[in-house]
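Colleague: Could you walk me through reading a sheet and its aromatic neighbours in a model? I would like the general idea, then the case at hand.

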Amino acid sequence: MSGQAEDPPFEPLEELVFVDAHLDEVEGVEGSDGSYDMVIFPDGEFLYAVSVFDGALVTFSRNIDTGNLAFL
């Protein structure tokens, strides 16, 4: 091992910008109370969030062009 860090498997985003929010028990969203971590799937089409209070994995589809989310 050379001691150098390996390149990430994808290009990191240059900027993180707030685009959209969905709240627990608002407009049909369930299971997101106490969300504490989230990840965007490598293809950019889905966002997954983990809820500590609801013990749930919440899934959203994501518009790649706009970043807008739709609760699944």
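We go through the sheet and then the aromatic pairs.

Modeller: Happy to. This is a predicted model, in which local features need pLDDT of at least 70 and side-chain atom pairs count only at pLDDT 80 or more, while totals for chains, interfaces and linings use all residues. Residues are numbered from 1 along each chain as its sequence is written, and side-chain values use heavy atoms, leaving out hydrogens and water.

Colleague: In what order do the strands of the open sheet lie?

Modeller: Strands of a sheet pair through backbone hydrogen bonds, either parallel or antiparallel. Here 4 strands make an open sheet in the order S1-S2-S3-S4, with antiparallel pairing. Strands are DSSP runs (E, at least two residues), numbered from the N terminus, and two of them pair if DSSP finds at least two bridges between them.

Colleague: Which strands stand at the edges?

Modeller: Strand S1 (35–40) and strand S4 (69–71); each has a single partner strand, so one side of each is left without a neighbour in the sheet. Further in, S2 (residues 46–51) and S3 (residues 56–62) pair over 6 bridges, and Leu47 has Phe60 in S3 as its bridge partner.

Colleague: How many aromatic pairs does the structure hold?

Modeller: Rings of Phe, Tyr and Trp (its six-membered ring) pair if their centres lie within 6.5 Å; planes under 30 degrees apart count as stacked, over 60 as edge-to-face and the rest as tilted. The structure holds 3 such pairs. One of them, Phe41 with Tyr48, is edge-to-face, at 6.1 Å centre to centre and 70 degrees between the planes. Phe46 and Tyr48 are stacked, at 6.4 Å and 25 degrees.
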